[in-house]
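Dear colleague,

I am passing on the structure we spoke about, and below it I have set out what turned up when I went through it. Please read the notes with the structure open beside them.

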Amino acid sequence: RRPAARPSETGQHPGEEASDHTDVGQRQRCELLGFSPETRRALFPPLPRAWRPHREPAPAASGCTDRRGLANHFSHVSPPDISNLTVLGCSAIFLLCPLMVVYFWVSCNSYRCALLGPFHDLQLRYILTNSLKEALVGFAEDELPRPTLYGFVLYAGWLVFQGLCYAFLPAVNGLLAWTVSLTFFLAGCLLFKLYPGSIIHDNWGALLVATNVYGYFLTFFVYAKAHLFPSHPEDRKFSGSVVYDVFMGVEFNPRFGELWDFKLFHNGRPGII
């Protein structure tokens with residue numbers, strides 16, 4: 001057994017743990033790219049112990065077959081160490097941000113981008129009907145975006161196309177994916193006449209609904225995945241607060257297989273392009 005190296009030999013400050021502490025996703029990417037351990041340590045230097053996230057031990061894989069086993073499966077979550085103010089902020093962002101985007105869309109779509117237009121309309125509806133319920137229902141039926149099957153199909157097709165670009169284009173070249181996406185869009189619109197150039201504008205409300213539905217679905221899916229079938233059980237962080245964990249995420253690098261990284265795909269492709 002090799003003796004522990006002294007801080008002066010490892011280049012670490014006193015109080016730091018002499019280990020190559022990088023998350024699992026970073027280690028795997030370095031190994032796939034052929035980086036040596038020395039290069040990996042240079043790219044991702046070890047963090048001081050005080051800066052490292054607390055990671056709970058992974059639950060037993062056999063504890064998810066029945067209700068009792070499921071309770072044991074979640075028993076590794078530590079008591080909440082997140083303040084109520086933080087939980088309130090996470091809840092507000094999680095719930096109000098999509099509503100804010102919808103409000104801006106309504107303002108631009110029906111009131112020529114007058115931000116107070118919806119308020120004035122609601123006030124007028126209340127005066128005419130003398131009923132707040134009727135005013136709100138009428139406003140929702142007339143002004144709010146509505147989901148359509150065509151909107152969901154459009155967005156699903158966009159996700160599939162970006163997934164193919166992510167899987168087959170070299171490396172994680174976002175600029176190349178943007179160029180290919182724009183080329184295909186213009187070709188389908190101008191050359192093959194498959195759809196009008198205003199297809200996004202014509203279905204903006206339906207696409208807005210579809211993107212928010214998918215966003216919420218993805219959020220809860222990766223939260224459940226982190227508990228039930230994580231990519232790397234040791235690469236998780238539990239705060240003890242369900243709201244905070246849903247908002248911030250539990251897995252540092254959720255993925256399917258070895259290379260399909262949820263963060264890289266959604267942040268770099270459908271989230272930006």
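Helix α9 is followed by Lys193, whose phi is positive, near 55 degrees; please bear in mind that this value, like the others here, comes from a predicted model. The helix itself runs over residues 174–191 and reaches 25 Å from its first C-alpha to its last, close to the 26 Å expected at 1.5 Å a residue. Its buried residues are Ala177, Val180, Ser181, Gly188 and Cys189, and because they fall within an arc of 155 degrees when α9 is seen down its axis, they line one face of the helix. What covers these buried residues includes α8 (149–168), whereas the face of α9 turned away from the buried side carries the exposed residues Leu175, Leu190 and Leu191.

The other topic is the aromatic rings, for which a search of the whole structure finds 16 pairs. One of them is the stacked pair of Phe217 and Phe221, with 5.9 Å centre to centre and 20 degrees between the planes; the two residues are 4 apart in helix α11 (residues 204–228), and so are separated by about one helical turn. Phe217 is exposed, with a relative accessible area of 53%, while Phe221 counts as partly exposed at 25%. Phe221 also stacks with Phe262, at 6.4 Å centre to centre and 10 degrees between the planes, and this pair links distant parts of the chain, since Phe262 lies in helix α13 (residues 262–268), 41 residues apart from Phe221. Phe262 is buried, with a relative accessible area of 7%.

Methods. Residues numbered from 1 in each chain as written. Predicted model: local features only at pLDDT ≥ 70, side-chain atom pairs only at ≥ 80, totals over all residues. Heavy atoms only, no water. Expected span 1.5 Å × (residues − 1). Buried < 20%, exposed > 50% of the residue type's maximum accessible area, 1.4 Å probe, protein only. Arc of directions from axis to C-beta. Contact = heavy atoms within 4.5 Å. Phe/Tyr/Trp six-rings, centres within 6.5 Å; stacked < 30°, edge-to-face > 60°.
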